[in-house]
Amino acid sequence: MIQVDSITIREFRGIRNLTLDFRGANFAVCGPNGTGKSGIVDALEFALTGSVSRLTGEGSGDVSLAAHGPHVDLRSNPERAVVLVKATLPALNKKVEIERNVKHPNRPKITPSTPEILEALSAIATHPEIVLSRREIIRYVLATPGKRSQEVQALLRLQEVEKTRAALQKIANASARELRLFEAGTRVARDDLLRALSITELRKADVLSASNERRRVLGLPVLADLTDTTALNDGLAATIAAPPQRISKVQATTDHETLQVSLAKMDSTLGSQEFAACHQEIQAILKDPTTTNTLAYDRFYAAGVELIEQGACPFCDVEWDMDELRSHIAEKRRHLAEVSHRLGGVNTLTSNLTEILRDVSAALRSYIRYAGLCQPVIADDDTFEYLANLDQIARHLNSVISLRELRELLQRIVVCPSGIRTTVTQIHEHVLTLPDPSRELAARDWLIRAQEKMEVYKNARRRESIARARAGASKMVADIFTATSDRVLTELYTAVQDDFVKLYRFINRDDEAGFKANLTPSLGKLGFDVDFYGRGFFPPGAYHSEGHQDGMGLCLYLALMRHVQGDGFRFAVLDDVLMSVDSGHRREVCALLKKEFSGTQFVMTTHDPIWLKHMGTEGLTGPGAHVQFRRWSVGSGPTLWDDRDVWAEIHDYLTNNDVRSAAALLRHYLEYMGGELCHRLRAPVEFRGDAQYQLGDLLPRASAQLGKLLDKAKSAAKSWEQQLKIDEAAALDATFSAAARASQMDQWQINPAVHYNEWENLGKTDFEPVVKAFRALIQAFRCSGCADFLRASPERGKTEALRCRCGAVNLNLLSK
Amino acid sequence: MDLNERTVTDRVFDAFIKDLEGAGVDESVRQRLRKALLEDRKYTDPALKAAVFGDGETSL
């Protein structure tokens, strides 16, 4: 991925001109709400991806990057809204500059622009998830399982996997449906062949027997065997050159009988009492609004059951266990049982009607073709339209329709019109006038027709065979893809879950060391349940505080990013995320980021200056690796605190003779440091239920505790006869005691309310020594080597040592 | 490229191609699917249908 060395922002969002030097390391941006912190977040995202989620994502409404990316005073000059990022690509060991303006967000100026750099930046541009805000945290933690699945899938870039799975399943389902069609085609071709051969079973012996009977009539050699290449009419062309009849009298007569049977069946059905009763029942049901959709639903579910033979939902292609899905649909249909019972007769009738209409259509279509073969040709103007109507009705009757549509369809069914019946009669009369064929001619017609039907049947079987192979292959591919993706993703989710638990336990090890979580993927959902103090597993929002939930969101995000990007997780922006973590665990969050993600550069925003100090004291951010916004104005953008430490700021106040501000800042800082030092040195402090500690409650306690620890260190060193350690502890004690005396810290313990309350009333020259004394005092709590504040170790249990980060101070507190 | 730096999607596709081989799926099918998923990055129905059945064999 990438590490950002610096960013320069000009006329972008609320920022006029600002350069921040990150030096490729963690960096914090602090400032009250509304001082421009988010502008930096937006600028980073814009420079790296060409877009700003806040302006383009969900809930952005009418806001857009093009219209609202530039500073409000330069709305019509988007080319002047520019962000320049200087960065390092660790994988390539290359430096690069990326400059984008809002007018052409997708045409960044990249220097140098070698193919490998462009490819690396192109990959980064597809990762808007480098920015995590509290809004995203909620998306991961508190979302419904379905929504969470979408969010996590988007983060994991799983859209392509889902798209592929759906496409392969769709292909498999379509191939299965195609196979069923070809199977039906084979059945029809087989029935046609049986009729042509005048046999009832398609056995080789029966086919040969029937064929050889005709061949003997024509003097053709009998067929000894029936193979794929056998032609039943083999040798026929050479033996008899006479053309076949235009109309086979025998066949036409048979077709006429079939048609008459079909028409009679339709006439009787449409004229039956059941048909009339069916109409009445539909009318009655339609008058009851609560039941009007029942038939549609019932037929919908019934159709669904038929279409799920391949183990997937026919609508969304999601795989189901067959029995489970059937049971699921059966349960739905049971709810409709009462109305369905009333509709039972309607369903039966419509089902029968479908078959009848199809039979009539096939028989009429087959017979009416003789009209054009008669001499003279018999006019046939109406049949085509009638057949089209029949086919359409039959198709719709068999599909999912409402009861109202069913009523209209039934009204459209009419018996065969008299005009068509007249045409049929004319054809039949013409056929009757045809001479009976000779025995030879009949045999010849029989063999030709049988061979034709045999070819159709063979072709149908061939196509069915191909369709079967395709259905098998596509199902196999789809099944393997589903199994593979499930396996890989389950492994991934398990790893993410374990990592999430590890990270969360780290920041909550004081009270949730045994924390557990379940991240459960299932059918487009991602369940997320967490252990609540051993009482069971619940959704994160059920019992945990908002602060804990935010901690979970951060940990889940970090775990996901680590598994998505692996070693490529080199950069992330945490936009006021740390603020929402509960205050008792912020220090641990800093330690977590530093320990577990030492290779990742975090740019963090917060509106809490104490938080900012936490980042520094925990070593998450280095010296000077932060910026503080004081205020913001639309004309000038954010105003920075000088990038100097608090002592320089106090000095500036005093230079301007502003003792009041200097005193306020010193007090605020010492209050923060008092708490920080008490924590590090494990100083006993009088507990306050409202957690409102004043300066006098904390700093004197820290001071006394350090003195006590140094005394213990000297005693321990004496017991172990370690002269060097005795001298080291004594030197520290001497320095510290002098600083404490200078600050009159001992007086604070007698009357803590007096001194700091009087500061702002002092003159400049009176206050300067106070500042100097407290600066020396705070310095005396630090290691002179690494500047880390000394700390008692371990954090809990018996205090064993006084240490600093670099190890230069490492004093044993346990005597012999 | 290190395994960790590859996308989850690519990890799934790679494992899929390997599993196809393990299941004895024809090499030509595997090659077409590898090309569609990992090289051309086409995940549409027609592209995958052509990959599964081969060009020119997408309909009976």
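Predicted model: local features only at pLDDT ≥ 70, side-chain atom pairs only at ≥ 80, totals over all residues.

Residues are numbered from 1 along each chain as its sequence is written, chains are lettered from A and ligands numbered from 1 in the order in which they are written, and side-chain values use heavy atoms, leaving out hydrogens and water.

**Chain A at a glance**
- Chain A has 30 helices and 17 strands, taken as DSSP runs numbered from the N terminus (helices: H or I, at least four residues; strands: E, at least two).
- Of its 816 residues, 47% count as buried, meaning under 20% relative accessible area with a 1.4 Å probe, protein chains only.
- Take the contacts in chain A (heavy atoms within 4.5 Å) between residues at least 6 apart in sequence: 67% of them join residues at least 24 apart.

**Where A meets B**
- On chain A, 35 residues are in contact with 27 residues of chain B.
- The two chains bury about 2,600 Å² between them, 72% of it on carbon and sulfur atoms; that's the accessible area (1.4 Å probe) lost on putting the two parts together, summed over both.
- A:Ile171, A:Arg470 and A:Val477 supply 21% of the area chain A buries against chain B, more than any other three residues.
- The rule finds two salt bridges across this interface, each a side-chain nitrogen of Lys or Arg within 4 Å of a carboxyl oxygen of Asp or Glu.
- B:Asp19 and A:Arg487 meet through their side chains in a salt bridge (2.8 Å, N to O).
- On chain A's side, α7 (159-197), α18 and α20 (546-565) each supply at least two residues that touch chain B.
- The largest share of that side, 15 residues, comes from α18(A).

**The nonpolar cores**
- A nonpolar core is a set of buried Ala, Val, Leu, Ile, Met, Phe, Trp, Tyr and Cys residues joined through side-chain atoms within 4.5 Å.
- The largest has 80 residues, and A:Phe500, A:Leu558, B:Phe16 and B:Leu33 have the most contacts inside it.
- Helix α18 (residues 439-507) of chain A gives this core its largest share, 15 residues.
- Apart from that core lies another, of 47 residues, including A:Leu665 and A:Ala702.
- Not counting residues up to four places away in sequence, B:Leu33 touches A:Val477 as well as several chain B residues, among them B:Phe16 and B:Leu48.

Definitions and conventions
Buried < 20%, exposed > 50% of the residue type's maximum accessible area, 1.4 Å probe, protein only.
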